[in-house]
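Visitor: Please take me through the terms applied to this model and the grounds for each.

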Amino acid sequence: MRIRTAFQELNLSDDYLFEKVMENEIVLKAVIEKILDIRISRLEIIQPQRMIEIRPEAKGIRLDVFADDAEGNRYSVEMQKWNEYNLNKRGRYYHSMMALDLLEKGEPYRNLRNSCVIFIRLFDPFRQGRHRYTFEQRCLENLEMGLNDGMKTVFLSTKGFQNDTDNDILAFLKYIEESTDEVARASESKLVRLLHQQVKSVKNNQALEAEFMKLLERDERNYERGLEEGIKEGITQGLKRGLDYGIRAMILDNIEADIPKHLIIDKLQKRFEIDRDTAESYYDNIAETKDED
């Protein structure tokens, strides 16, 4: 009997599994069609985990799933477990970067293709209990008037409770959180069955499992290294603060006792094993601060 691993326990909400499942264009097409309630004649994945950067020093974006349809519309589907409280600005930045990637130098603005960013979240980003929030540019003076700039941003939440969507979307959101045989068997959703078939295919792929375990080991090593470095830095900073406190206390006590500066410098060098320039620098800074007080 095969022992279940961390890989086998992944849900579709986990980045690695989500990316590998959505690399299947049939699955991705079905998901986008259901979320947006549209029909797509053909969908082509441009590049999984696509990086878009304007210049080396500028902030780039990493898109989980990045695809075009036959009409040239571009879609990005993003999974996020934790609320970083930046979705509004994040969505704006994603659209901006995608627009730069879509329009070649010298092309007229009318050639800019439509873009849709879909965020799937394991939290309610706007705390209104909705499963779906869809945003487009509207005129504040006449909400019936859309700007028609080709931008659409959709947020799906697994934590919604309002009666605002159909059973397929509800089943899809439940499966996002619990991508198990039990949930799939209990669901009547064709989309969930399609997703589960692909999830099982990915989880049965030993090469992908090995890749995931290597990434997991790398992440654990990086975590341990970061933790160790953080502890060392904390100790170093703590020792430095302790040293600073000790030097300051000695200087102030000796100044209060009217000990001449050169003798205080001598004491500092001997007590704290520092060179004369450092000792004088400490003395001058602390004496100046005392005078200001």
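This is a predicted model: local features need pLDDT of at least 70, side-chain atom pairs count only at pLDDT 80 or more; totals for chains, interfaces and linings use all residues.

Guide: Residues are numbered from 1 along each chain as its sequence is written, and side-chain values use heavy atoms, with hydrogens and water left out.

Visitor: What makes Tyr94 and Phe119 an aromatic pair, and why is the pair called tilted?

Guide: Rings of Phe, Tyr and Trp (its six-membered ring) pair if their centres lie within 6.5 Å; planes under 30 degrees apart are stacked, over 60 edge-to-face, and the rest tilted. The centres of Tyr94 and Phe119 are 5.7 Å apart and the planes make 50°, so the pair is tilted. Tyr94 lies in helix H3 (residues 87-102) and Phe119 in strand E6 (residues 115-121), so the pair ties together parts 25 residues apart in sequence; helices (H or I, at least four residues) and strands (E, at least two) are DSSP runs, numbered from the N terminus.

Visitor: How do you know whether Tyr94 is buried or exposed?

Guide: Buried means under 20% relative accessible area, exposed over 50%, and partly exposed in between (1.4 Å probe, protein chains only). Tyr94 has 5%, and is therefore buried. Phe119, at 0%, also counts as buried.

Visitor: Why are strand E1 and strand E7 said to stand at the edges of the sheet?

Guide: Two strands pair if DSSP finds at least two bridges between them. The open sheet has the order E1-E4-E5-E6-E10-E7. E1 (43-45) and E7 (132-135) each have a single partner strand, so one side of each lacks a neighbour in the sheet.
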